[in-house]
Amino acid sequence: MVGTVDPMLQPPKIGDKLHHEIMIRKIITFPDPILRKEAKPVTVFDEALKVLATDMAETMYKAPGVGLAAPQIGVSQQIIVYDLAPEGEKGQCTALINPNIVEGQGKAIDEEGCLSVREFSANVERFEWVRVEAATLDGKPLNFEAEGYHARVLQHEIDHLHGVLFIDHLSSLKRTLYKKKLKKILMEDKENES
Ligand SMILES: [Zn+2]
């Protein structure tokens with residue numbers, strides 16, 4: 001990665017200086033309409049924002065997932081967190097506020113899944129390289145480049161802030177097949193409940 005250093009969000013411990021009990025939030029799944037809303041830019045960079053980002057990080061680690069966007073826990077604000085480290089080496093979480101892809105180049109196809117899209121993964125075409133503008137949790141401006149897997153995760157998470165899911169990038173046939181599969185999953189859920 002070239003340019004500025006990622007803002008690191010230290011994985012918090014209960015009872016740390018935030019005086020905040022970590023809350024694992026419920027992850028909202030497709031087809032909940034909350035996932036389709038355009039998230040609002042963050043304008044206040046306060047302690048509550050740090051608490052929210054901390055909850056998001058813990059929710060992501062617990063799931064476990066590589067990244068999480070605020071709309072996935074029902075908060076319609078432009079916040080994403082992610083940790084690209086392999087399983088077992090995680091703990092340095094990056095939080096980006098109001099992130100935007102300002103430039104993209106090249107094409108890459110790779111498999112994606114999503115904590116909000118149950119039991120499904122598929123190949124998605126993304127930019128191979130991107131330039132991102134964002135802010136840190138303290139509101140400091142960032143401008144950096146990312147490529148490969150890092151670029152893919154950024155594009156996936158930033159999509160969430162605009163109500164877009166990775167399945168929207170697939171052919172309508174593949175999307176229809178997934179919707180059928182999901183219907184079955186949801187029916188099985190109901191049967192298990194009763
Ligand atoms: Zn996702």
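In which strand is glutamate 119 found? Glutamate 119 is found in strand S6, and one of the views below returns to this residue.

**View 1. Overview of the predicted chain and its confidence.** This is a predicted model, in which local features need pLDDT of at least 70 and side-chain atom pairs count only at pLDDT 80 or more, while totals for chains, interfaces and linings use all residues. Residues are numbered from 1 along each chain as its sequence is written. The average pLDDT (the predictor's confidence in each residue, from 0 to 100) is 90 for the chain, and 90% of the residues score at least 70. Over residues 1-5 pLDDT stays under 50, and the model has 11 contacts there beyond four places in sequence; two residues are in contact if their C-beta atoms, placed from the backbone, lie within 7 Å. Residues 11-17 also have pLDDT under 50, with eight contacts beyond four places in sequence. Where pLDDT is low, the predicted coordinates should not be read in detail.

**View 2. Secondary structure along the chain.** The chain has three helices and eight strands, where helices (H or I, at least four residues) and strands (E, at least two) are DSSP runs numbered from the N terminus. Their order along the sequence is β-α-β-β-β-β-β-β-β-α-α. Of the contacts with a separation of 6 or more, 67% are between residues 24 or more positions apart. Buried residues make up 29% of the 194 residues in the chain; a residue is buried if 20 or more other C-beta atoms lie within 10 Å of its own, exposed if 12 or fewer, and partly exposed in between, with C-beta atoms placed from the backbone.

**View 3. The largest nonpolar core.** A nonpolar core is a set of buried Ala, Val, Leu, Ile, Met, Phe, Trp, Tyr and Cys residues joined through C-beta atoms within 7 Å. The largest one has 29 residues, of which Ala53, Met56, Ile79, Ile80, Val81, Ala95 and Leu154 touch the most other members. At least two residues each come from helix H1 (47-62), strand S2 (67-69), strand S3 (79-82), strand S4 (93-105), strand S7 (129-135) and helix H2 (148-160). H1 gives the largest share of this core, five residues. Beyond its neighbours within four places in sequence, isoleucine 80 is in contact with Gly67, Ala69, Leu96, Pro99, Glu157 and Ile158.

**View 4. Strand S7 between its two partners.** Two strands pair if DSSP finds at least two bridges between them. S7 runs antiparallel to S4, with six bridges, and glutamate 133 in S7 is the bridge partner of asparagine 100. S7 also pairs with strand S8 (residues 141-147) in the antiparallel sense, over seven bridges; here leucine 142 in S8 is the bridge partner of alanine 134. Five residues separate S7 and S8 in a hairpin, and glycine 139 in the turn has a positive phi of about 90°. The covered face of S7 holds Val130, Val132 and Ala134, and the uncovered face holds Trp129, Arg131, Glu133 and Ala135.

View 5. Strand S5 (residues 108-114) and strand S6 (residues 117-126) run antiparallel and are joined by seven bridges, in a hairpin with two residues between the strands. Glutamate 111 stands opposite asparagine 123 in S6. The C-alpha atom of asparagine 123 is separated by 8.1 Å from that of leucine 170, 47 residues apart along the chain. Leucine 170 lies in the loop between H2 and helix H3 (172-193), and touches Ala122 and Arg175, not counting residues up to four places away in sequence. Leucine 170 is partly exposed, because 19 other C-beta atoms lie within 10 Å.

**View 6. Helix H3.** The number of buried residues among the 22 of H3 is zero, so H3 lies largely in the open. At 1.5 Å a residue H3 should span 32 Å, and its end C-alpha atoms are 31 Å apart, which agrees; the expected span is 1.5 Å times one less than the number of residues.

**View 7. Backbone details.** Phenylalanine 30 and proline 31 are joined by a cis peptide bond, with omega about 10°. The peptide bond from alanine 63 to proline 64 is also cis, with omega near -10°. Asparagine 98, in strand S4, has a positive phi near 50° and counts as buried because it has 20 C-beta neighbours inside 10 Å. Glutamate 119 likewise has a positive phi near 50°, but is exposed, with 10 other C-beta atoms within 10 Å.
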